[in-house]
Amino acid sequence: MREVLAQAAFQLFLERGFERTTVDDIVARAGVGRRSFFRYFPSKEDAVFPDHERCLAEMTEFLAAADDGDPVGAVSDAARIVLRMYAANPEFSVQRYRLTREVPGLRTYELSVVRRYEQTLAGHLRSRFGADGDGALRAEVIAASVVAAHNNGLRLWLRSGGEGDPEVAVDHALALVREVWGRPPAPAAPAAPEASVVPAAPLAVSGGGDGDGEVVVMVARKGTPMWRVVQQIESAVGEN
């Protein structure tokens with residue numbers, strides 16, 4: 001029934017236009033009641049994207065079973081699930097792409113769908129990298145990169161009218177993501193102290209002094225402001 005409703009809706013969208021097609025028109029074409037429509041689709045917009053809920057569920061299941069050893073590879077492979085969904089029905093995918101470009105409301109809806117995929121990928125990466133700090137940031141950035149790479153290759157194929165193999169462009173784009181983000185993050189280097197003062201052993205001062213002079217050795221990080229160096233020296237001399 002879900003497929004029957006989606007097919008009826010899309011036929012009417014192409015014939016009459018999205019804005020001029022009502023839910024009543026769709027159920028009349030499908031030969032069912034309004035309740036049947038809303039049992040499967042909350043709105044007209046959902047009928048344009050009938051396969052994304054199933055695809056999102058498949059992606060979630062795939063990531064749950066993914067190997068922990070290569071999280072970037074896992075989310076890249078998960079993105080290919082979406083690609084295969086589009087490639088399974090090229091004619092429908094191309095028509096939907098063209099319709100979406102013509103209807104601003106559908107573009108907005110599509111962005112919300114894409115965001116749900118991105119959040120699913122990011123959630124998987126946060127479980128591997130950590131949910132706070134740089135781990136969470138890394139997860140968000142990689143998820144956004146995977147989605148952008150996948151969509152770049154997919155749109156090239158859709159703009160061509162569905163000609164050729166869509167995996168070629170998508171694989172190329174995802175390979176770039178893995179090249180950049182597939183390496184583990186380098187450990188942070190310990191921060192060097194800005195400045196420290198090390199008192200040296202007492203030395204006799206030849207000529208002029210009283211023999212009780214003391215040498216103070218100053219060790220400062222390159223680029224330390226001069227006022228900080230002077231402050232540390234004055235502090236050490238005052239203490240001595």
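Phe 13 and Phe 18 are both buried, where buried means under 20% relative accessible area, exposed over 50% and partly exposed in between, with a 1.4 Å probe and protein chains only. The model is a predicted one, in which local features need pLDDT of at least 70 and side-chain atom pairs count only at pLDDT 80 or more, while totals for chains, interfaces and linings use all residues. Residues are numbered from 1 along each chain as its sequence is written, and side-chain values use heavy atoms, with hydrogens and water left out.

A pair of aromatic rings is described by the distance of the centres and the angle of the planes. Rings of Phe, Tyr and Trp (its six-membered ring) pair if their centres lie within 6.5 Å; planes under 30 degrees apart count as stacked, over 60 as edge-to-face and the rest as tilted. By this rule there are five aromatic pairs. One of them joins Phe 13 and Phe 18, a tilted pair with 4.9 Å centre to centre and 55 degrees between the planes. Phe 37 and Phe 41 also make a tilted pair, at 5.7 Å centre to centre and 50 degrees between the planes. Phe 37 is buried because its relative accessible area is 0%, and Phe 41 counts as buried at 0% relative accessibility. Together with Phe 38, Phe 37 and Phe 41 form one aromatic cluster.

The protein chain as a whole has eleven helices and two strands. Here helices (H or I, at least four residues) and strands (E, at least two) are DSSP runs, numbered from the N terminus. Of its 240 residues, 37% count as buried.

Two of the helices pack against each other. Helix α7 (residues 90-102) and helix α8 (residues 104-129) meet at an angle of about 115 degrees, with their axes 5 Å apart. Therefore α7 is roughly perpendicular to α8; angles under 35 degrees count as roughly parallel, over 145 as roughly antiparallel, 65 to 115 as roughly perpendicular and the rest as oblique. The axes are lines fitted to C-alpha atoms, for helices over the stretch in contact, and angles run from 0 to 180 degrees between N-to-C directions. Leu 99, Thr 100, Arg 101 and Glu 102 of α7 touch Pro 104, Leu 106, Arg 107 and Glu 110 of α8, contact meaning heavy atoms within 4.5 Å.

Arg 54 lies in helix α5 (residues 52-64). Arg 54 is partly exposed, with a relative accessible area of 48%. Its C-alpha atom is separated by 9.7 Å from that of Met 85, 31 residues apart along the chain.
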